[in-house]
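Hi everyone, thanks for coming.

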Amino acid sequence: MRRTIIVLCMISGIAAIPISSQAQLGGYVLTDWRAKVEEGSLLWNENRLNLEIDASPVNDAHVFAQFWIRGLGFSSARTTTDLMGLDKRKSNPWDLFLREAYVDLYGFLTDNLDLRIGRQRIAWGTADKINPTDNLNPDDLEDIWDFGRHLGTSSVLATYYWGDVTLSTVLIPAFTPAVLPPPEWASALSASVEMPDGIALGEISDSLILPSNTLKEGGSAAIKIAKPVLNYDLSLSYYRGRSDFPVATQIAITPSAVAGTVDIHSTLIYPRLSVLGADMSGAIGKIGLWAEVAVIYPEAVHTITDMSALGMGQQETVSLPDEHFVRYVIGSDYTFHNGLYVNSQFIHGFPHEMGRDSLHDFIMGGVEKRFYSDKIKLTIAGGAELTDIGNIQDNYALMGMPEIGYFPTDNSEILLGVRLIWASGQTSFGNLADMDEVFLKVKYSF
């Protein structure tokens with residue numbers, strides 16, 4: 001009830017804002033349904049209202065806020081009591097999510113300095129959706145197919161302009177962890193657990209140790225300098241904070257209540273790290289080019305595996321060495337005279353992959369063509385994941401994502417497509433090989 005009142009007040013407040021040059025209201029309505037190709041069982045059910053408030057009450061200030069009001073998931077009702085209206089979220093799940101809310105102060109103290117304070121999304125990097133230098137906001141993997149999605153976080157962004165040089169500094173006072181995928185897709189981020197012969201796996205559980213809410217433990221900071229050089233946009237950046245993905249520091253293996261099975265409980269932490277980044281974007285003729293690289297210096301994480309309850313003692317390993325590793329992306333795009341658009345990227349290391357031995361190679365890309373006065377768009381996207389270049393035939397994952405879009409009006413679109421995966425060996429996307437899906441999206445922007 002309380003959340004309902006908050007939503008009504010928020011919508012009433014939005015409705016009271018005059019739509020003028022000083023304040024604007026916009027957003028979109030989205031429906032996203034997905035089902036397994038073979039079984040037809042529903043995998044995803046989302047209906048989202050995105051609202052954005054953009055206001056400039058005075059010349060030297062600006063306010064922005066973004067809300068998601070949405071129904072996501074399926075009914076969790078298990079008794080008739082759950083259907084009696086005491087908590088409609090059990091029969092019809094929904095949530096209210098504040099994605100961004102910040103204030104811009106232009107010409108703060110000096111004409112060349114702008115300040116942005118509040119919950120905000122600070123996107124760094126030039127690559128297409130997969131950005132190794134984009135470490136300021138935690139990853140949001142709730143929808144594993146929405147590449148590049150991040151959460152907004154409370155932070156202070158100061159931007160100083162000196163001719164064509166831009167200097168940005170960021171302070172984030174508190175730590176926010178990444179959002180992980182739902183259980184159906186979680187296997188994409190972790191390898192399967194292999195048990196010795198004669199021993200079955202019982203319950204798997206874990207506990208997280210979050211940094212304390214202090215600047216010293218949970219805070220992070222970054223700096224970036226950007227400048228155009230010979231028609232290319234170049235930048236260098238440095239980030240000091242923590243990984244938003246956890247790493248196991250303790251693993252306890254104990255006998256379960258069922259004979260011949262063991263339970264596993266992991267304790268996970270968020271290691272500190274530093275990231276030195278660089279990126280560029282530009283073009284050679286009509287061919288768009290971009291490159292992005294991040295050199296990551298993590299603090300070491302030692303993992304103690306405790307099997308004392310099985311009479312096997314303890315074992316300590318280094319799960320994350322304190323040696324630097326490199327993630328990078330190189331990409332290009334081109335539009336032919338007939339309107340055919342081509343995009344491709346080579347990616348070394350996804351955001352959740354930590355350490356030199358954990359980095360996989362990915363080739364992602366697609367082609368896009370519009371027909372019938374841009375009313376229909378055909379897109380064939382896909383990619384390949386390679387874990388062992390010397391033995392590709394036994395270590396790969398192939399992804400195909402064709403879709404067709406129809407645009408009945410300028411502000412509306414209807415997309416129908418499939419996502420298919422073929423794999424061999426141990427790969428991130430290969431772990432989702434049984435999750436082929438067909439999807440329908442309908443979106444109207446206003």
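Let's start with a question: is aspartate 374 buried, partly exposed or exposed? Keep in mind that what you're looking at is a predicted model. Okay, here's the answer: aspartate 374 has a relative accessible area of 47%, so it counts as partly exposed, because exposed would need over 50%. You'll find aspartate 374 in the loop between strand 19 and strand 20.

How about its surface? Tyrosine 372 comes out at 67% relative accessibility, so we call it exposed.

Next, some residues on the inside. Glutamate 353 belongs to the loop between strand 18 (341–348) and strand 19 (361–371). This glutamate is buried, yet glutamate 353 has no salt bridge. Which side chain of opposite charge is nearest to glutamate 353? That would be arginine 327, and it's 6.1 Å away. A salt bridge needs the charged atoms within 4 Å. What the side chain of glutamate 353 does reach is the backbone nitrogen of histidine 360, at 3.0 Å.

Aspartate 140 has 3% relative accessibility, so it's buried. If you'd like a sense of distance here, take serine 168, which is 28 residues from aspartate 140 along the chain. The C-alpha atoms of aspartate 140 and serine 168 are 24 Å apart.

Okay, on to the empty space. Rolling a probe the size of a water molecule over the atoms tells us where space is left. How many cavities of 30 Å³ or more does a search of the whole structure find? Two.

The largest cavity has a volume of about 590 Å³. There are 45 residues lining the largest cavity, and the closest to its centre are Asp139, His150, Asp244, Phe245 and Pro351. Two elements each give two or more residues to that lining, strand 10 (232–242) and strand 13 (272–284). Strand 10 has the largest share, with three residues. Sort the lining of the largest cavity by class and you get 21 nonpolar, 15 polar and nine charged residues.

The second largest cavity has a volume of about 40 Å³. Its lining is Trp124, Thr133, Asn135, Leu136, Ser237, Tyr238, Tyr239 and Val275. Strand 10 turns up again here, giving the most to the lining of the second largest cavity with three residues. By class, that lining has five nonpolar and three polar residues, and no charged ones.

One last stop, and this time we're looking at a pocket. The second largest pocket has a volume of about 1,400 Å³. It's lined by 49 residues, and nearest its centre are Lys129, Trp145, Asp146, Phe147 and Lys441.

Methods. Residues numbered from 1 in each chain as written. Predicted model: local features only at pLDDT ≥ 70, side-chain atom pairs only at ≥ 80, totals over all residues. Heavy atoms only, no water. 1 Å grid on protein atoms, 1.4 Å probe; cavity = no way out; pocket = protein on both sides within 12 Å on 5 of 7 lines; lining within 4 Å. Points joined across faces, edges and corners; volume = space filled by probe spheres on them. Helix = DSSP H or I, 4+ residues; strand = E, 2+ residues; numbered from the N terminus. Nonpolar A, V, L, I, M, F, W, Y, C, P; charged D, E, K, R; others polar. Buried < 20%, exposed > 50% of the residue type's maximum accessible area, 1.4 Å probe, protein only. Lys, Arg positive; Asp, Glu negative; His and termini not counted. Polar contact = N/O pair within 3.5 Å; in protein donor to acceptor, adjacent residues only side chain to side chain.
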